[in-house]
Amino acid sequence: MSIVEQVSFLTKIHPFDRLSTTHLNEAAAALDVVYFPLNAKIPLDLMENAFIYIVIKGRVSECMGEDGSGQCGLYGINSQFGASTLLDQKARLSYQAIEETLAYRLPFATFQNLLKHNPEFESFYFNDITQKLSHFHRQLQIESSSEAMMDAVKIAPLHALVEISSQTSIKECVERMEAEKTDACLVSDNDRLGVITSSDLLRGLAIQGFDLSSPVNDLVSYPVISINQNDYLFNALLKMTRYGVDRLMVRDKQGFIGVLHQKELMSLFANQSGLVMLTLERAECFDDLKKVTQQVDELVAGLSNKGVKTHYIAKLVNELHRKLQAKLWQILDQKQQFSDATFIVMGSEGRSEQVVRTDQDNAVIHADHLDSKALMSFCQTYSAKLIELGFPPCPGGIMVSNPQWCVSESAFESQIIDWFERPSLQSFMSLAILFDAQTVHGDAERLIRIKAVLQKQVQKRQMFLAQFARSVLQFDTPIGLFGRLITEKDEGHSIDLKKGGIFPIVHGVRCLAMEKGIEKTNTHWRIRELINQHVFDEAFGVELGETLNFLNTLRLESMLEKKSREKVVDNSIETDHLNHFQQDLLKDAFSVVHKFKKMIEQHFKMDGAI
């Protein structure tokens, strides 16, 4: 290859793409091409064989020890290896070509010079996992030009803040809006704050019979929905979606400073969330909802490709899914026969962590007086319609179509007590997903009372949490001695990310949240609260949250890829398809998982070993 071609090649390899033009040319000029036949040993030391390798074609196995045992990693096309051995002489690694391999070879002396003069390049090899993951997501955002989504609200154009009292006349309110060229006012009514919009005023005058001298009080929406100017723009979009509003009052430390409109917010984003909300709001029949699920799928793929962190995508998508499910209930129950029933989602949906629709985990808690047979018939229809919308049935039958999960409030309370009195794997799973539950439709107080019963039982039974937490140790962490990845012996050397890392973090954090009486359901929110209560120190809590997000990101990318090829969507990834950087991060991530599992084991005084 020519120098120009070699420079072009390096710009596609992380972190060489971080080099200055001068040093990129220096690296390209120092490269030469080497060939290794099948099963050839690749010598690597600081004497005669001090090189960094980048694979052009073929695959190389990294092993602990000279005998080739204890495989630590696999390096395919565009992967690099050798740095860990040369930078850390304690890492006694050996390399072997497991396919005919063609590779670029970079002298270690040149590599050291690149480290010396390029801090961002150097940080790739020496940063801890939190810094690496932060850089990983930041780079994805930059490459996809989506960094605006993670910018602060204060960069967005704001409408002027107009403040009035609840006794201000409609006429004066309109005049103030016109003078400031805005269409919303902040309204104070003694100790509470609300918002009134031009649409509210028009409705009051044209439909509700108010006149220009009438006070605005009866037209105001309380409470005010606001956001801090230093919060993410993405979170502003999330709030608008959650509360069904198209304006947010923006505040700083001193008070309110302006109004953020959805149209200005959407102009900063190149995604379809506004279109999804519009379709949802206008949906009048089941076929309309089918269009929404397709739009949500396109939104997920678009946001993932833009490098947006998976837990942000999950929050937005789960808000959209909940609104869709609530709208479906309204469409099917137009006579409001079952208004005294509360529909809840549980498990990953309740935690706002399900991105790709995998399976349903839902239930109905109803008032004792409701006709249970009629409600059961309705719920079976409802569940069937959810399946048509792409929400697969739960393999364990944890759905409203199952009579065990469509019960009266009093029966639900009795069932919870029975789960505690007769513990089993099934009852523990039921308690776990219920603890994560959130209300989608109906009276939310029912779920609050149910959770209070659950929490009371936890406090009464000192040994419960130790038994409950044991599931954290249920699956082995897929990392062995010396940090090697343990994979399945299939074609892609796959790893089940849910069993290996996601579930232990989610359930371990859930156990700690249950112990501390934390009401939040999202795992990241729970981690933050555990940091606030000094269960985790700040550094480890952040590390744990970033690790969970990285594992969920790899899983989401794999799910979307499998879905595009109409393959079975599951929780596994093929490690052969990961680049060198991702493999290293995955090893670091599983090390964090292992550390957390040891902490849970010690915290709850379990005698199991991991």
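Analyst: A residue counts as buried under 20% relative accessible area, as exposed over 50%, and as partly exposed in between. The model is predicted.

User: Why is Glu175 called partly exposed?

Analyst: Glu175 has a relative accessibility of 43%.

User: What makes the contact of Glu175 and Lys171 a salt bridge?

Analyst: The criterion is a side-chain nitrogen of Lys or Arg within 4 Å of a carboxyl oxygen of Asp or Glu. For Glu175 and Lys171 the N to O distance is 2.5 Å, and therefore the pair meets the definition. Both residues lie in helix 7 (residues 170-180), four residues apart, about one turn of the helix.

User: How do you know that Lys520 forms a salt bridge with Glu529?

Analyst: The closest N and O atoms of Lys520 and Glu529 are 3.9 Å apart; the limit is 4 Å, so the pair qualifies. Lys520 is partly exposed at 40%, and Glu529 is partly exposed at 21%.

User: Why is the salt bridge of Glu62 and Lys587 said to tie together parts apart in sequence?

Analyst: In this salt bridge, the closest N and O atoms of Glu62 and Lys587 are 3.3 Å apart. Glu62 lies in strand 4 (residues 60-64) and Lys587 in helix 23 (residues 580-603), so the pair links parts 525 residues apart in sequence. Both residues are buried.

User: What makes strand 7 largely enclosed?

Analyst: Four of the five residues of strand 7 (residues 93-97) are buried, so the rest of the structure largely encloses this strand.

Definitions and conventions: Residues numbered from 1 in each chain as written. Predicted model: local features only at pLDDT ≥ 70, side-chain atom pairs only at ≥ 80, totals over all residues. Heavy atoms only, no water. Buried < 20%, exposed > 50% of the residue type's maximum accessible area, 1.4 Å probe, protein only. Helix = DSSP H or I, 4+ residues; strand = E, 2+ residues; numbered from the N terminus.
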